There are 2 protein chains.
Amino acid sequence: MNKPWFDKIRKIKPYVPGEQPNKSNVIKLNTNECPYPPSPMVKKALRDYDTDKLRLYPSFECNELKDILAETYNVCRNNIFLGNGSDEVIALCFQTFFNSDMPILIPDITYSFYDVWCDLYNIKYEQILLDDSFKIKKEDYLKKNGGVVIANPNAPVGKYMELCELEEIINYNKDSIVIIDEAYIDFGGKSAISLIDKYDNLVVVHTFSKSRALAGIRLGYAMCGEDLIGYLEAVKNSFNSYTVNSLTQAVAIACAKDREYFESCRQKIIKTRERVVYELSKMGFETIQSMSNFIFTTNPKIKASFIFDELKKQNIFVRYFNKPRINEYLRVTIGTDDEMDLFIEALKKIINYYF
Amino acid sequence: MNKPWFDKIRKIKPYVPGEQPNKSNVIKLNTNECPYPPSPMVKKALRDYDTDKLRLYPSFECNELKDILAETYNVCRNNIFLGNGSDEVIALCFQTFFNSDMPILIPDITYSFYDVWCDLYNIKYEQILLDDSFKIKKEDYLKKNGGVVIANPNAPVGKYMELCELEEIINYNKDSIVIIDEAYIDFGGKSAISLIDKYDNLVVVHTFSKSRALAGIRLGYAMCGEDLIGYLEAVKNSFNSYTVNSLTQAVAIACAKDREYFESCRQKIIKTRERVVYELSKMGFETIQSMSNFIFTTNPKIKASFIFDELKKQNIFVRYFNKPRINEYLRVTIGTDDEMDLFIEALKKIINYYF
């Protein structure tokens, strides 16, 4: 190996996303996508799109999209920051808002990208233990810090924190930025967006990848006070001026307008989730109470890694994290009722085989 | 102003992109977009796209798109890195490859995002003067450095550097990464891609925004040896796993397949450029020899800022940089023949009025 430039470049260990199997006939319950197609309005928007316009740069301000989101959440256009998926939005938030010598606080079990971003941007962080029931203890976040990040509901456990508890954390940390990652809030939780007028240190992040069934277009957004939007835009515009392309804007506008479809989708997923949790309990699984489009479940009698491998052999993909404290759990995305029936049937067979 | 979090966050001065006028009936010659629509295959690709698939994350590897580009440029799939516009690609290159204490070398007059990225990532840089004819002098780049970035043709002047001169720079700097930004190479220049097998320190960056008429989809790509691809992917995957969305992939595949349309577009633009340069010379303008889809032109008898303002009043947008050495020049994107005729007519009127 002769790489004379080796010392001048950056070597890093990246985040590893969930497996994307190439095979067809797979039941894909491993990356928390929506099992239902996006709103029919999306198809229409693409069909009607004037492709000649693609020769031009996208709208820089994205005002049409911002206005629809503003209306949806009862905020102002100037409270919205858009990005190429909520991963980009949160990464840019980390880069902008966490710039002190004090460590930011994140739960020890949470979205596994947070500590990767800390490493990327040289941000000190402290991982705060969830309690034994995988609950975030609010008291632990009432201390000096460089910032706070909480996923609510928390991934990959699915547990939801009540808004009044969250508000205590936000209120205590008025001298830090508190990011609430609400990727899964539409599956039963109450959003903290209502608090952004009250707290200028609060940033709430949402995504089109889960409840809006548009993981393929990559769109996420942050909502916060105008001051923070300004700093965030400045960093973003020092990185990449046009992060949300024209087709993404057109598709997202069509999707956001169709509130009825959105409602029916999320209600279906919640209903299926509750049924699956009940079915699993009958088979001896213990499932963390979920307010997400996934569940986190364990069977005290069978190794999670074994179930994971066996399901995979049957082309059913779920997510397994080989990490301390959670290596006896499986994270299972809620699919359609048919998919979940096949999942439960497969589990039954595995259990029968095991004993 | 009471912002208790103020000291903990990052304050930055962003890059300012070219103006995007909201009015219609505008002749937009200010952001180097292609005046022709994208390939008709793009329309077909969008019309045929199965929108139900948008519920899923995009392909992580983007192999179908990479394979078509690999075939186009006679490289391997593993020599290609894709990103959300060439701005993102170059930003990630800066973050990955420029990580030493030595300054990177960039021309003093060049794409104005380079020094913005240096500031964003705390990269030291030295701006090397172009000569009085706005030529990059290769000798100036044959010295110790933390990296080299050269736009070829260079923006906003449009001047092209011969490949043999460029190769001397690449060859001398085997212990640094040399980035050649070829956003405008398709308008008459010879690409350095042929050199990536020979030099493992070379990175060549292209975009779909100019010659491929797809600024709206945001797609750029870097081509380099597999070693560098690996380090670049690691940084990218620590930032955002899915930067190129599903629709962008589908549209870009359709576009890249249509080589005939691509050829005819760029030939038309080259032809119009040469005609416009000739017409301008008859009016007393002096134009830097351009191998781009824009020209950099000055009239010794009229202030550039005056012409800029007067054109704007007539809804003709060109680009003016109020910076030392270039504040008597206008950068004018090559539009359709009709657009350029209107531009020349407008200039004639301005000149007549001025004298």
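**Helix packing and sheet order**

Modeller: In this predicted model, A:Glu64, A:Leu65, A:Ile68 and A:Leu69 of helix α2 meet A:Gln249, A:Ala252, A:Ile253, A:Ala256 and A:Lys257 of α7(A) (contact: heavy atoms within 4.5 Å; helices: DSSP H or I runs of at least four residues, strands: E runs of at least two, numbered from the N terminus).

Biologist: How do the residues of that contact divide by class?

Modeller: The contact of α2(A) with α7(A) has six nonpolar, one polar and two charged residues (Asp, Glu, Lys and Arg count as charged; Ala, Val, Leu, Ile, Met, Phe, Trp, Tyr, Cys and Pro as nonpolar; the others as polar).

Biologist: And at what angle do α2(A) and α7(A) pack?

Modeller: Helix α2 (63-73) of chain A packs against α7(A) at about 20°, with the axes 9 Å apart (lines fitted to C-alpha atoms, for helices over the stretch in contact; angles run from 0 to 180 degrees between N-to-C directions). The two are therefore roughly parallel (under 35 degrees; over 145 is roughly antiparallel, 65 to 115 roughly perpendicular, the rest oblique).

Biologist: What about α1(A) and α7(A)?

Modeller: The axes of α1 (40-48) and α7 (246-257) in chain A come within 8 Å and cross at roughly 140°. These helices are therefore oblique to each other. On the α1(A) side, A:Met41, A:Val42, A:Ala45 and A:Leu46 take part, facing A:Leu247, A:Ala250, A:Val251, A:Ala254 and A:Cys255 of α7(A). By class, the α1(A)-α7(A) contact has nine nonpolar residues, no polar and no charged.

Biologist: Changing topic: in what order do the strands of the chain A sheet come?

Modeller: Seven strands make an open, mixed sheet in chain A, ordered β2-β8-β7-β6-β5-β3-β4 (strands pair if DSSP finds at least two bridges between them). Because β2 (80-83) and β4 (125-128) of chain A each have a single partner strand, one side of each is left without a neighbour in the sheet. From one strand to the next, the twist averages 20°.

Biologist: How do β7 and β8 of chain A run, and how many bridges join them?

Modeller: β7 (202-207) and β8 (220-224) of chain A run antiparallel and are joined by five bridges. A:His206 has A:Tyr221 in β8(A) as its bridge partner.

Biologist: Which strands does α5(A) lie across?

Modeller: Helix α5 (163-172) of chain A lies across β5, β6 and β7, at about 165° to β5(A). Helix α3 (85-97) of chain A lies across β2, β3, β5, β6, β7 and β8, at about 160° to β7(A).

Conventions: Residues numbered from 1 in each chain as written. Chains lettered and ligands numbered in written order. Predicted model: local features only at pLDDT ≥ 70, side-chain atom pairs only at ≥ 80, totals over all residues. Heavy atoms only, no water.
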